[in-house]
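Welcome, and thanks for taking a look. Here is a short briefing, arranged by topic, to read with the structure open beside you.

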Amino acid sequence: VIRTFSTSVRSLQPVSSVNSLNIKRTTPLFINGEFVESKTDKWIPLYNPATNELVTLVPETTPEELKVAADTAAEAFKTWRKSSVLSRQRILLDLQLLIREHTDKLAKSITEEQGKTFADAKGDVLRGRQVVETACGITNLLMGEQLAVATDMDTFTIREPLGVTAGICPFNFPAMIPLWMFPLSIAAGNTMIIKPSERDPGAAMILAQLVKEAGVPNGVLNIVHGSVDAVNFICDNEHIKAISFVGSDRAGKYIYKRGTANGKRVQANLGAKNHGVVMPDANKNYTLNQLAGSAFGAAGQRCMALSTVVFVGKAKEWLPELVERASKLKVSGGMEPDTDLGPLITRQAKERVENLIQSGVGQGARLILDGRNPAVPEKYKNGNFVGPTILADVKPHMDCYKEEIFGPVLITLNADTLDDAIKLINDNPYGNGTAIFTSNGSNARYFTTSIEVGQIGVNVPIPVPLPMFSFTGNKASIQGDVNFCKSGLQFYTQTKTVTSLWRHEDVDHTRSAVTMPT
Ligand code: NAD
């Protein structure tokens, strides 16, 4: 919902000036190394999902401000591209240290704006920081190839930056996903414009402050805010050569189409429906705890949440124990010490999840744990809470199976054999993540080779690879073919191949070389 505030209403809001790591009532832009107040008259209110109290107003960046950000990034590229890879490495080393030092501040902002628990928010920061740590190896990562083709001929490759790059981020990992993008991009010599989610940009703003403190020159990283208009600007602007996107199918498909139509590289990570297969030979206690944690942690708002369980054979008898574990999880505000799951991001998200639960009931699933209207402490009574919910006996035609619920709702299906479970998963259009729980190595091996999903856990519920690997969702979970983290470096660079001939002895050139050189 975008509200236009009249001047008089806006004048009630204190003008933001960010001179420390405290973000004030309005969220500023970060352009050319400065935090600046947008001159927009369109502000997006951001509410704490646990209380629905106003946290900040996020600007719809004006077209003029967006242009300044892109022009600034293009100007900064002229000098940043000439910086030595060693100087960029040094800055990244300092940045990772600063992120480490300010983990709690980042996590607090994430909990306040996004709702996940403080402990989980620290994990969000850590998984992002690991990308910075990987980017610190840029001196090795950027190395090209070289071959002495003959005694007088060499071929070698050089990886060069593209220019201005842009990142469009989702709400669910406010620190990790901007950190998937800008550290590798700027390490490779690009400049970048990040548009965080308009629902929780606070962590990105703190990262901008840390980037400045680490010594990243002005204009190398810029942050703009907004929604569709800002996205359209990014898809169309002439300076921007590549767009990284993570978010929903609808926005991602649109951005992929519009960005590539304008000749840009686009990498887009989209939605998911991740299945966990439970074999009867699995370690029961371990498996049930992992299932409850991965389905309900972060209130199910993770693209790698195991939101669908397929019990094979007798494993379905464990269902009552899964319900028992799920019902013990504590639902409350993310800063409360014992909270297991916090709220959903918005009231609309809560309503959508509740409607999908009801549609499951209407279409014949068994609601064996109903988390709607959970008991929460008085001060959170206005929050967007849904507690752990389990729908059993789900069938593939039901909406709760077909749609990504993105809430604390676990749906369960039964399969007679491992082959039946594999077929079910392979028939699903998404291919982000999956897991098998088993103590049988040959089942695990068979599963990993037969399954058509990009990231597979064997007794690991959320198999997000560390950033020295790539994040390899596939099928409908990705548009474009180059993914994040390790392969992100390929996305943010283009390769030059140089073939040179230095002949020591003079050769008699009697005729023009018209045939293909061999
Ligand atoms: P979202 O698509 O609503 O928003 C993502 C970004 O796109 C935001 O910056 C937003 O401003 C912009 N946007 C939204 N609608 C737009 C439109 N119509 N046109 C242009 N731009 C638009 O996604 P979200 O709700 O913030 O994030 C949740 C989704 O992200 C889930 O589907 C989840 O699976 C997915 N996700 C995927 C991965 C992955 O790696 N596959 C990782 C994290 C999240």
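This is a predicted model: local features need pLDDT of at least 70, side-chain atom pairs count only at pLDDT 80 or more; totals for chains, interfaces and linings use all residues.

- Leu466 has a relative accessible area of 37%, so it counts as partly exposed.
- Together with Met468 and Phe469, Leu466 makes a nonpolar surface patch of about 310 Å².

**Strand E17 and its partners**
- Strand E17 (residues 409-415) is largely enclosed by the rest of the structure, because six of its seven residues are buried.
- Strand E14 (residues 306-312) runs parallel to E17, and five bridges join the two.

**An open three-stranded sheet**
- Three strands form an open sheet in the order E6-E7-E25, and their pairing is antiparallel.
- Strand E6 (146-150) and strand E25 (493-501) are the edge strands, each pairing on one side only.
- From one strand to the next, the twist averages 25°.
- Strand E7 (residues 153-161) and E25 run antiparallel and are joined by nine bridges.
- A handy pair to look for here is Glu160, which stands opposite Gln494 in E25.

**Cysteines**
- How many disulfides are there in the model? The count comes to zero, taking a disulfide as a pair of cysteine sulfur atoms within 2.5 Å.
- Cys235 is in no disulfide, and the nearest cysteine sulfur, which belongs to Cys169, is 14 Å away.
- Cys235 is buried, because its relative accessible area is 0% and the cut-off for buried is under 20%.
- Cys485 is likewise in no disulfide: its nearest cysteine sulfur is that of Cys303, 11 Å away.
- Is Cys485 buried or exposed? With a relative accessibility of 5%, Cys485 counts as buried.

Terms used. Residues are numbered from 1 along each chain as its sequence is written. Side-chain values use heavy atoms; hydrogens and water are left out. Patches are made of residues with over 30% relative accessible area and no salt bridge: like charges are joined within 9 Å, nonpolar side chains (Val, Leu, Ile, Met, Phe, Trp, Tyr) within 5 Å. Accessible areas come from the Shrake-Rupley method with a 1.4 Å probe; for residues, only the protein chains shown count as cover. A salt bridge is a side-chain nitrogen of Lys or Arg within 4 Å of a carboxyl oxygen of Asp or Glu. Buried means under 20% relative accessible area, exposed over 50%, partly exposed in between (1.4 Å probe, protein chains only). Two strands pair if DSSP finds at least two bridges between them. Helices (H or I, at least four residues) and strands (E, at least two) are DSSP runs, numbered from the N terminus. Axes are lines fitted to C-alpha atoms, for helices over the stretch in contact, and angles run from 0 to 180 degrees between N-to-C directions.
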